[in-house]
Amino acid sequence: MAETIHVPVMLADIMENLPEIQQGTIIDATLGGGGYTRALRAHYDHAVDVIAIDTDRVALDRFEQNQPVRQKGITLYHGNYSEIESVCHVHEVSSVALIVADLGLSSDQIESSERGFAFMHDGPLDMRMDQDGGITAQELIAQSTPRELALILSRYGDVSQALHIAHVLKDNMQTSSTREMATILKSNMKIRHGQKIHPATQVFQALRIAVNDEYAHLEKFLRDGIRMLAAKGQFMVVTFHSGEDRIVKNVFREHTVTCVCPPALPMCACDQEATVKIVNKKPLTPRESEIADNPRSRSAKLRIIEKI
Ligand SMILES: C[S@@+](CC[C@H](N)C(=O)[O-])C[C@H]1O[C@@H](n2cnc3c(N)ncnc32)[C@H](O)[C@@H]1O
């Protein structure tokens, strides 16, 4: 299998903010092209175990085949990052010193036309990150009502005229090609003056999020990951669009709250304690030079918390 074409995003910022760890376990929850995993393995001493997760078997196979011998000391796990607790149990890890996650898709996935994530190359309307199970985007369109599709489009893609577009999808549910569906969508959507992106982009994003149930997995991963962190352990997450960034920001913030009593109570009765502190008040964003070198990094945001 060919080497990865994925260029790691905000890797320099991740490396600059790494905590000191002498021993224990760290988890790269999104192996992808292995950019973070390789850098983490090289950075930490071998008393620190590295576990790398990916839901896409292709990413794990590619990494395994192209891994130089000196990169041994990395345990790969095929599964969803929402299974982080099971991953720890399976590997007899009681707490984790560092979790990193770089959300979304790798360039390897986007550029593989047969995966159906993009419409610049023609491919099947699939969009599953884990091809071992689940339903494809075409099956999702066929199995959902127009109202359910409209909800998906507005919730995950901020698509205007969501019900109209949902009907367009339903009317064309026999279409199995990404490019054909994008053309159909374009001819049925209003194009705003000066709009640069293809009008089908947000529809494809919404379908992908629904096919992979991304938000539910992300929330579970964040909550369970925080629970699994050791004291002073860090959690670093790179997001690429406002929907996933909002989830990360809110779950992180929730764990900084010290009281959840109703405001009407004269004094605190909940005994709630903050379990994390936010390391960077504002999310870090890529440097100009990185955006120039790798335009895919332009919407990235890095949020970091530390377990108390
Ligand atoms: C942006 S890439 C990661 C790139 C990696 N940091 C690098 O430098 O090469 C995201 C990867 O996360 C995986 N992924 C996305 N959602 C996942 C999930 N819920 N569980 C596990 N892996 C997931 C994707 O399959 C993809 O390979």
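Modeller: Strand S4 (residues 96-102) and strand S5 (residues 229-239) pair in the parallel sense over six bridges, where pairing needs at least two DSSP bridges, and strands (E, at least two residues) and helices (H or I, at least four) are DSSP runs numbered from the N terminus. This is a predicted model, in which local features need pLDDT of at least 70, side-chain atom pairs count only at pLDDT 80 or more, and totals for chains, interfaces and linings use all residues. Residues are numbered from 1 along each chain as its sequence is written.

Biologist: Which residue of S5 stands opposite Val100, and which strand do six bridges join to S5 in the antiparallel sense?

Modeller: Opposite Val100 you will find Met236 of S5, while the antiparallel partner, again over six bridges, is strand S7 (residues 301-307). There, Val238 faces Leu302 of S7.

Biologist: How many of the 11 residues of S5 are buried?

Modeller: Eight of them are, which leaves S5 mostly covered; buried requires 20 or more other C-beta atoms within 10 Å of the residue's own, with C-beta atoms placed from the backbone.

Biologist: Which residues are buried in helix H8, and why are they on the same side of it?

Modeller: An α-helix has 3.6 residues a turn, so residues three or four places apart point the same way. In H8 (residues 162-171), the buried residues are Ala162, Ile165, Ala166 and Leu169. They cover an arc (of directions from the helix axis to the C-beta atoms) of only 105 degrees, which puts them on the same side of H8.

Biologist: Which helices do the buried residues of H8 pack against?

Modeller: Their partners are H6 (137-143), H7 (146-157), H9 (178-187) and H10 (201-211), with contact meaning C-beta atoms within 7 Å.

How values were computed
A residue is buried if 20 or more other C-beta atoms lie within 10 Å of its own, exposed if 12 or fewer, and partly exposed in between; C-beta atoms are placed from the backbone. Two residues are in contact if their C-beta atoms, placed from the backbone, lie within 7 Å.
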